[in-house]
Amino acid sequence: MFEPEWDAGLDDAQLAAAAHSGGPLVVLAGAGTGKTRALTARVARLLAHGADPSRVLLLTFTRRAAADMLARAAVLCGDRRAAGKLWGGTFHAVAHRLVSQYQEVLGLPSEFSVLDQADARDLMDLLRHDHGLANSAGNSERFPRADTLVDAYSRSVNTGVPARDVIAGEFPWCEPHTDRMLDLFRAYMARKRAGGLLDFDDLLLAWRSLLRDNTIGATVAGQWDHVLVDEYQDVNQVQVDIVALLCPDGAGLTVVGDDAQAIYGFRGADAAHLTDLTGTLPDATVVRLERNFRSRQPLLDLANVVRPGEVALQLHSDRAGGPRPRLVRCYDAPAEARLVADAVLEAVEAGRRLRDQAVLMRAGHHSDLLEIELSARRVPFVKFGGLKFLEAAHVKDFLAGLRLLDNSADEIAWFRLLRLHDGIGPARARDLLGVLRPTEARADDRHADAVAAAPAGSRLKLNATLEGITTARAAATPADRAAGVVALLRPLLIRRYPDHPTRLDDLDRLVAAAASTPTLAEYVATLTLDPPNSTSELAGPPHLDEDYLTLSTVHSAKGLEWDSVHVIGLVDGGFPSDLALASHTGLAEEQRLFYVALTRARDDLSLYTPLRMPHQRYSGSDRHSLAPPSRFLTDAALDTLDVVEVAPPATAPKRAVTTARVAIPQLDDLWA
DNA sequence: GGTAACTGGGTTTTT
DNA sequence: CCCAGTTACC
């Protein structure tokens, strides 16, 4: 047996974090300071010192981060088998595992469904209509949209602040509707309970309830000796409560984070949870990681100027030299797209792979022009963030079908499926929900009743759909059941989507993926809790060998790094987003987001400022107005940047003026 | 009273 | 793409 080298290559600060024993540990880790490495080493050391892997819990921001870390820890401690026994994943994924385990204790039906954000919105929308709050002509004041309702509701749950105060503080324009919103939230809770539906927030609430329970709480918390939480600056109040219940007085707790990288305030997270820890846990050991292993010093000079936050970490690098970051001032947005594509291809010429380069933006749609430019030049790319594969209508239809196989009380799933039929819109679907709601009557009878209640023109197809569900339910393997759902969807999707061939291909791929899962319910939960991040992630291996450029929102780029990074759209209103400009807290989060973007680069960093943006009022025309550069490009920041002025594009040759008249053919013979 | 099909305005970030 | 509003048809 060889001596495990969990401490190989760690510097003193990382070693202090990895080797710490006794009392809670708080690691304040600047960007690129090897916190993942320290955390991984710490897990490996715990195992090497005899910790039981099944009693170690590693909570990370994405499931992939947990998987990577656990695999590396297993290698470091020389025991690959241990990796399988470690608990790891996102708060939500672990919560789901526990909720499944304690589903009876929690008073949940044997089959429950997990609602993602879009499902939650659909349910809220359904109730909005039920309560007569949808906008009708008579309403002078618009009732908030379903998205806003879910937002406000979720914010209240995640922060523990009463909804009334959340609305007044964060959604002041909704205040006249407060009472009706609160009614709606109560109805939302009731509907979920009745249908065995849990939204993302409920998963965390359920976990917290288990831990708080007098009889069972100690057992649940007692199954782990060590709890390690990554990205602690992005946890919300419920997650803080969970951690506190898991580790009373901080015993066995390790927390890693950086308050300057807190970018999820919009979903109830608060970096104060990290900075307050030293107060709530007086005996905590604090380790600071300030030595950056990722970026060259000229890049850190800019990052240190931009860095906001309470904890004053100054990053320094051993990697001196290299070019200063560039600020490219472009004529307009199309010029920006061309310049980015130019730069990427130049780097390829110089020997840098596409996959070592990335383009980062504030919002998913900021790369629209660039995507057109890259496609035109045949540059392969993969986009992360923005619209998700799982949000595509046909994929949601498919998942709704799967959920119905296990949970026939899932109203949101029924609602989706019913509306796919010609002649059944929101109103008839709502009526049919009442008929399909589980009763003592057998499912077949309810199906028959529903067919009878449907408009005549839709009965044949609806009958086929409901029979399809019965058939799929009876199929033996998960793959067969999934295939059954696709079979019943096929005619509906063909009728509905003009581009059905590609959509049906997607579904075939999802069916294939279902073959390797023990149960369909687990498959659906995994897809919902850990959706593929890009459309290509589901495409599978053939894509992985190819070289491609990464486009990503800054949020989705968190924790990642590339040799060369381009940050685009640095205008006020773009990055920072105009929606955040109004409030101090909003703007502070934008600045942290900017800091995260800058610190993704290892060697080369380019920032792009289009100087003209399409004029808001005349969008669609060629009118432009001067765009104010991002306010984050302060004088101090500019001191660390090389500014590149790009000349305006050569003016297009004036179109020849001609007096010739060209007639547009009337094609009379076609209309004869 | 309800649906389908179209139009026009708005569009942050995600477990 | 989502959502609301309009219109034509059942």
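The conversation below takes the labels in turn and sets each value against its definition.

Mentor: Keep in mind that this is a predicted model, in which local features need pLDDT of at least 70 and side-chain atom pairs count only at pLDDT 80 or more, while totals for chains, interfaces and linings use all residues. Residues are numbered from 1 along each chain as its sequence is written, and chains are lettered from A and ligands numbered from 1 in the order in which they are written.

Trainee: Why is Leu436 called buried?

Mentor: A residue is buried if 20 or more other C-beta atoms lie within 10 Å of its own, exposed if 12 or fewer, and partly exposed in between, with C-beta atoms placed from the backbone. Leu436 has 23 other C-beta atoms within 10 Å, and it is therefore buried. Of the 672 residues of chain A, 44% count as buried.

Trainee: What is Leu436 in contact with, leaving aside its neighbours within four places in sequence?

Mentor: With that exclusion, Leu436 is in contact with Trp414, Arg446 and Ala450, where contact requires that two C-beta atoms, placed from the backbone, lie within 7 Å. Leu436 itself lies in helix 20; helices (H or I, at least four residues) and strands (E, at least two) are DSSP runs, numbered from the N terminus. Chain A has 29 helices and 19 strands by that count.

Trainee: Why is Gly196 called partly exposed?

Mentor: Gly196 has 19 other C-beta atoms within 10 Å, so it is partly exposed. The residue sits in the loop between helix 9 (178–195) and strand 5 (197–199), and, not counting residues up to four places away in sequence, Gly196 touches Leu108, Pro109, Glu111, Phe112, Ser113, Asn407 and Ala409.

Trainee: What makes the phi of Glu231 and that of Asp249 worth a remark?

Mentor: Most residues other than glycine have a negative phi, and most peptide bonds are trans. Glu231, although not a glycine, has a positive phi of about 55°, and Asp249 has a positive value near 60°. Glu231 lies in the loop between strand 6 (226–229) and helix 12 (237–246), whereas Asp249 is placed in the loop between helix 12 and strand 7 (253–257). Glu231 is buried, with 25 other C-beta atoms within 10 Å, while Asp249, with 13, is partly exposed.

Trainee: Which peptide bond is cis, with omega near 10°?

Mentor: That bond runs from Phe575 to Pro576, and Pro576 has its place in the loop between strand 15 (562–567) and helix 27 (584–598).

Trainee: How do you know that the buried residues of helix 1 line one face?

Mentor: The buried residues of helix 1 (residues 12–19) are Gln14, Ala17 and Ala18. Seen down the helix axis, they fall within an arc of 95°, so they line one face of helix 1, the arc being that of the directions from the axis to the C-beta atoms. Among the elements that cover these residues are strand 1 (25–29), helix 2 (35–48) and strand 8 (285–289).

Trainee: What is meant by the largest nonpolar core, and which residues have the most contacts inside it?

Mentor: A nonpolar core is a set of buried Ala, Val, Leu, Ile, Met, Phe, Trp, Tyr and Cys residues joined through C-beta atoms within 7 Å. The largest has 187 residues, and Val27, Val43 and Leu58 have the most contacts inside it. Not counting residues up to four places away in sequence, Val43 touches Val56, Leu58, Met69, Ala73 and Leu228.

Trainee: Which residues come nearest to DNA strand B?

Mentor: Of the 24 residues around DNA strand B, Gly364, Gly385, Gly425, Ala427 and Arg428 come nearest, a residue being near if its C-beta atom, placed from the backbone, lies within 6 Å of the strand. Helix 20 gives the largest share of that surface, three residues.
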